[in-house]
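Open the model in your viewer and keep the selection tool at hand. The stops below go from the whole chain to single residues.

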Amino acid sequence: ASTNPTDCGINDGTITVTATGTGVLEYSIDGGLNFQASNTFTGLMAGTYNVSIRNNDGTCQVVSPSNPIILTALSAPIITNVTSINPTSCSANNGLITITATGSMALAYSIDGGATWQNSNTFSGLPCGIYPISVRHTDGTCQVNGTDVTLFGSALAIIQGYTTDATCGQNNGGLSVYASG
């Protein structure tokens, strides 16, 4: 019997061998290179395993007819694109972030580093700020973090600007800017 690793990058798969025989048995999951007294193997990563058993005196090695035992890992989501629209001003809550990601399972999205999640990849009504992007499977596995998105509001608008040329050899030129915000 086997169980796959429960999350991306986690080595917690198991193989339990059930066998009958006379005497005390030893168990191997690497094709008979290494044996142990316990019939349970834990802390396993995704991979291919070949089960063998033998008597503890090294005789009568038997290969499992179920070989190979394959433990599979979950595939982590991949963030392919993040787009954003800045709020119209620093006091407005009308910014937008859209996360595009691919995965082998349904995905959940976060813009607060994984503190809260939603199944929609679009976040609207956002004020200015820094938003750490994360994506995971909806079952809570395989969280991946993207780059932070910073939303800026338009705090200032230049209404008019003009320059005054300097007199030859003098430091008397000028620049004037009129702004609102």
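The tour starts with the whole chain and then turns to side chains.

This is a predicted model, in which local features need pLDDT of at least 70 and side-chain atom pairs pLDDT 80 or more, while totals for chains use all residues. Residues are numbered from 1 along each chain, and side-chain values use heavy atoms, without hydrogens and water.

**Whole chain.** Show the protein chain as a cartoon: there are 16 strands and 0 helices. Both are DSSP runs numbered from the N terminus, with at least two residues (E) for a strand and at least four (H or I) for a helix.

**The disulfide.** Select C8 and C142, which are joined by a disulfide with an S to S distance of 1.8 Å. A disulfide here is a pair of cysteine sulfur atoms within 2.5 Å. C8 is in the loop between strand 1 (2–3) and strand 2 (13–16), and C142 is in the loop between strand 13 (129–137) and strand 14 (144–151), so the pair ties together parts 134 residues apart in sequence. The link of C8 and C142 is right-handed, with 90° about the S-S bond.

Is C60 buried or exposed? C60 counts as exposed because its relative accessibility is 58%. Exposed means over 50% relative accessible area, buried under 20%, and partly exposed in between, with a 1.4 Å probe and protein chains only. Next select C128, which is partly exposed at 26%. Go back to C142: at 3%, C142 is buried.

**A charge over a ring.** Finally, select R54 and F35. The charged end of R54 sits over the ring of F35, 3.8 Å from the ring centre. For Arg this requires CZ within 6 Å of the ring centre and within 35 degrees of the ring normal; for Lys the atom is NZ.
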